[in-house]
Amino acid sequence: MKDWRWALVGLVCFALVLKIGAVERGRGQPTERISGSAGDVLEDDPVGRLKVFVYELPSKYNKKILQKDPRCLTHMFAAEIFMHRFLLSSPVRTLNPEEADWFYTPVYTTCDLTPNGLPLPFKSPRMMRSAIQLISSNWPYWNRTEGADHFFIVPHDFGACFHYLEEKAIERGILTLLQRATLVQTFGQRNHVCLKDGSITIPPYAPPQKMEAHLIPPHIPRSIFVYFRGLFYDVGNDPEGGYYARGARAAVWENFKDNPLFDISTEHPTTYYEDMQRAIFCLCPLGWAPWSPRLVEAVIFGCIPVIIADDIVLPFADAIPWEDIGVFVDEKDVPNLDTILTSIPPEVILRKQRLLANPSMKQAMLFPQPAQSGDAFHQILNGLARKLPHDQSVYLKAGEKVLNWTAGPVGDLKPW
Amino acid sequence: MKLSALHQSYLNRRLNSFRGSSPLDSSIDGGGLKSPASIFWLLIHGLCCLISLLLGFRFSHIIFFLLFSPSTTTITRTTKLYSPTPFLPIKVPDALPVQSPPNKTLVSSSRVVVGRHGILIRPWPHPDPVEVMKAHHIIDRVQREQRIQYGVKSPRTVIAVTPTYVRTFQTLHLTGVMHSLMNVPYDLVWIVVEAGGSTNETASLLASSGLRVVHVGFEEEMPVSWEDRHRLEARMRFRALRVVRQLKLDGIVMFADDSNMHSMELFDEIQRVKCVGAVSVGILAHSSNPDEEESSVAQKDDIENSPMPVQGPACNASDQLVGWHTFNSLPYEGKSAKYIGDMATVLPRKLEWAGFVLNSRLLWKENQDDKPEWVKDLDTVGGDREHIETPLSLLIDPSVVEPLGSCGRKILLWWLRVEARADSQFPARWIIDTPLEVSVPSKRTPWPDAPPELPSNETTITIEENREKQQVMKTRPRRSRRSRSKRKRETRVADTQVSDRNSGEK
């Protein structure tokens with residue numbers, strides 16, 4: 001009996017050694033497996049692990065808004081609309097709310113666009129409040145937990161703070177009614193008012209077909225060292241600089257504008273996607289908000305993202321080990337960016353490229369239509385599934401009220 | 001409701017992100033700025049605008065803030081409310097330096113603060129050469145890895161076969177081929193067959209390449225007429241193939257004639273060959289005589305007669321070999337060059353050797369049963385003086401040739417034959433280290449006739465160098481008035497005489 005046990009242990013050790021050897025030999029392979037702090041969860045299948053109930057809201061909360069402005073389907077906040085469509089036809093959806101683990105409210109708060117296409121967040125708090133009033137009066141599930149088993153998609157600049165200016169967003173804070181719900185948002189910054197514990201950060205929406213139409217063959221050699229296209233100074237709103245991007249983008253320009261290794265400019269070339277595929281590093285500095293679709297583009301095109309945003313929380317941070325994949329540079333270290341990037345050992349760079357080449361990594365950043373396995377929709381569901389089972393404390397006792405329905409700015413209380 | 005000026009400017013920021021936006025008239029959430037402080041600052045703002053109009057430069061209300069700072073600022077405020085002060089103005093006076101220290105509203109526990117930050121610029125914001133070199137090493141390593149992963153999986157050795165001989169244009173041509181071969185990312189063996197025996201001249205040129213070279217001497221002199229020359233070159237190439245067999249070299253044999261120009265994609269493409277492959281060769285049939293070229297080409301305007309300057313495999317729609325594009329020499333009938341250095345068009349063969357690649361295993365002697373039936377043994381072909389036109393004569397069945405370069409649509413190398421006259425002279429190894437012999441004195445020089453023994457070496461070299469250069473391009477040495485500016489016209493006059501003479505001899 002004892003011998004068998006030793007043999008089993010020996011076999012396990014042997015298998016482990018083999019696995020380590022496989023990782024070592026994997027150096028010659030083009031990709032490498034990705035496993036984050038939550039484990040190797042990128043390829044988990046959420047079907048069967050959770051059930052989501054989708055509230056039937058009147059179309060003035062979703063369809064009518066979309067009809068008024070179909071641009072909402074292509075801008076970078078389109079995730080809320082596509083998530084709704086995905087959930088309607090997904091196998092995790094259940095029509096029986098008694099067996100649901102999570103409840104989803106389809107309200108398109110980021111679809112009130114200016115003529116230029118930028119969303120105005122001024123009506124969003126009232127819209128959200130009105131929707132919550134509706135679901136709390138028509139279904140008992142909100143009052144049961146005061147929203148602790150509900151999730152909302154708030155892809156706007158500062159999430160559920162519902163403002164595009166950071167100071168104003170901080171002043172408003174997260175909408176009081178959403179204090180207990182799980183928020184699925186693109187904004188992520190540590191120790192920030194607008195990111196609450198337990199939120200799920202998602203990538204901004206980037207159109208998958210458009211990016212896939214610009215793919216070039218992988219054998220074309222990467223000859224650009226650092227690549228960036230975008231604003232350095234926001235002349236319209238902050239001409240002197242120092243306010244936009246906390247001065248980081250301006251610092252990049254001033255320090256590296258004549259460095260031949262840095263291909264940076266404000267032009268909009270038609271070959272933007274192709275150029276990213278010919279670059280080794282792509283800068284992803286913060287703008288008015290720390291997140292941007294550049295991260296998604298860099299991952300899709302295999303260009304190592306150089307993230308210049310202090311304390312940022314990147315999408316699916318527990319499933320994707322961003323420290324291994326991207327390069328993080330503090331904003332105060334921007335003048336030394338060339339030293340930092342050239343002192344990275346080549347093996348580390350090759351490993352990052354191998355991780356980026358992993359198709360499940362690229363798939364996790366996209367919102368394809370129709371949904372495919374491993375894409376961002378599934379990662380959101382995986383994230384929700386990892387939060388299950390709900391702690392018993394979320395269920396409130398009868399008559400207990402935690403949220404203050406009258407808190408917040410006076411303007412929020414007006415009906416929508 | 002009344003909007004404060006600051007609030008309106010904040011709104012304008014979002015609305016003015018792109019040019020031509022119009023402010024919305026939808027109801028705006030007023031926020032909490034209806035305090036007396038905001039009215040106060042509105043008045044100050046108006047006052048400053050008036051002052052600016054008077055003075056002619058921008059006068060911002062930040063001055064008042066600086067003057068009255070102790071009473072209104074609260075840097076140490078730690079609540080999460082932002083103070084409604086003009087602390088975060090959109091306009092900033094130019095007086096403040098760019099690298100002003102950050103002084104803002106603090107957000108509680110975050111080390112990232114909102115507000116105006118300095119733009120950090122290092123004292124010498126220019127590239128450091130050491131880092132640039134490191135970056136290039138990184139780029140090189142990344143590209144090498146890309147080639148390993150996405151390029152040819154198991155690259156085979158390239159065996160380049162070059163027939164050459166010592167002549168004026170040899171250095172020019174061989175340097176070109178040498179540099180192309182030095183850039184090939186695969187293992188390379190270069191077999192150079194030299195007519196007239198192997199010489200130090202060629203050997204020194206090849207030694208500077210750093211490649212693995214097999215220098216073979218071929219004991220026959222290169223003839224003057226093009227016909228004989230092509231025959232000899234074919235036999236030299238066969239000699240090289242015998243070397244391949246003798247050394248049991250394993251790889252892909254390609255024929256790199258020294259006057260051709262190869263693209264790097266050619267070497268990537270020939271890695272795909274299994275037994276025998278063919279690529280398209282661009283033919284640049286060139287005449288040194290500009291008059292003749294114009295007349296011959298300009299007359300043939302219709303599409304059918306104008307020769308497509310490509311030789312190579314011809315495929316049908318399903319990418320199978322059905323025939324060959326060969327060089328149409330009809331337009332040049334009777335006007336082609338017969339001798340080296342003729343001022344007429346030098347024509348290629350029907351199918352150049354350079355357009356074919358072979359798997360070297362076909363040439364090996366043993367394993368006769370392994371060899372496919374459609375390949376003849378090397379000994380049976382070319383043993384006698386029979387003229388071998390193309391490598392196709394090695395094959396019993398020419399239809400098994402694989403067309404490369406997307407079925408011959410991509411032209412991967414170019415043929416261009418430029419040579420000097422057979423008796424043209426050039427300094428050995430292109431180094432002039434001893435005074436050269438005066439072979440032909442010129443009659444009328446701009447400077448007085450100097451005897452061969454001159455007081456200083458330098459002047460001798462200069463004068464004789466000039467004479468040397470003139471002799472290289474000449475056709476008939478006995479000509480008067482050999483000044484350089486008139487050289488071109490005279491050579492042309494001489495050329496027509498030569499061609500007349502040649503045609504007279506026929």
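Two strands are said to pair if DSSP finds at least two bridges between them. In this predicted model, strand 1 (residues 158–164) and strand 2 (residues 188–195) of chain B pair in the parallel sense, with 7 bridges joining them. One of the residues involved is B:Ile159, whose bridge partner in strand 2 of chain B is B:Val189.

This pair belongs to a wider arrangement. In chain B, 7 strands form an open sheet with mixed pairing, and the order across the sheet is 3-2-1-4-10-6-11. Strand 3 (212–218) and strand 11 (402–403) of chain B stand at the edges; each has a single partner strand, so one side of each is left without a neighbour in the sheet.

Helices accompany these strands. Helix 7 (residues 200–207) of chain B lies across strand 1, strand 2 and strand 3 of chain B, and runs at about 170° to strand 3 of chain B. Two packed helices are described by the angle between their axes and the distance between the axes. For helix 6 (residues 170–182) and helix 7 of chain B, the axes come within 10 Å and cross at roughly 30°. Angles under 35 degrees count as roughly parallel, so helix 6 of chain B is roughly parallel to helix 7 of chain B. Their crossing is right-handed. On the helix 6 side of chain B, the residues that meet helix 7 include B:Leu174 and B:Met178, while B:Leu205 and B:Leu206 are among those contributed by helix 7 of chain B.

Turning to chain A, the model shows 15 helices and 10 strands. Of the 416 residues in chain A, 59% are buried.

Notes: Residues numbered from 1 in each chain as written. Chains lettered and ligands numbered in written order. Predicted model: local features only at pLDDT ≥ 70, side-chain atom pairs only at ≥ 80, totals over all residues. Heavy atoms only, no water. Helix = DSSP H or I, 4+ residues; strand = E, 2+ residues; numbered from the N terminus. Buried < 20%, exposed > 50% of the residue type's maximum accessible area, 1.4 Å probe, protein only. Contact = heavy atoms within 4.5 Å. Axes fitted to C-alpha atoms, helices over the stretch in contact; angles between N-to-C directions. Parallel < 35°, antiparallel > 145°, perpendicular 65-115°, else oblique. Left-handed = near helix turned anticlockwise from the far one by under 90°.
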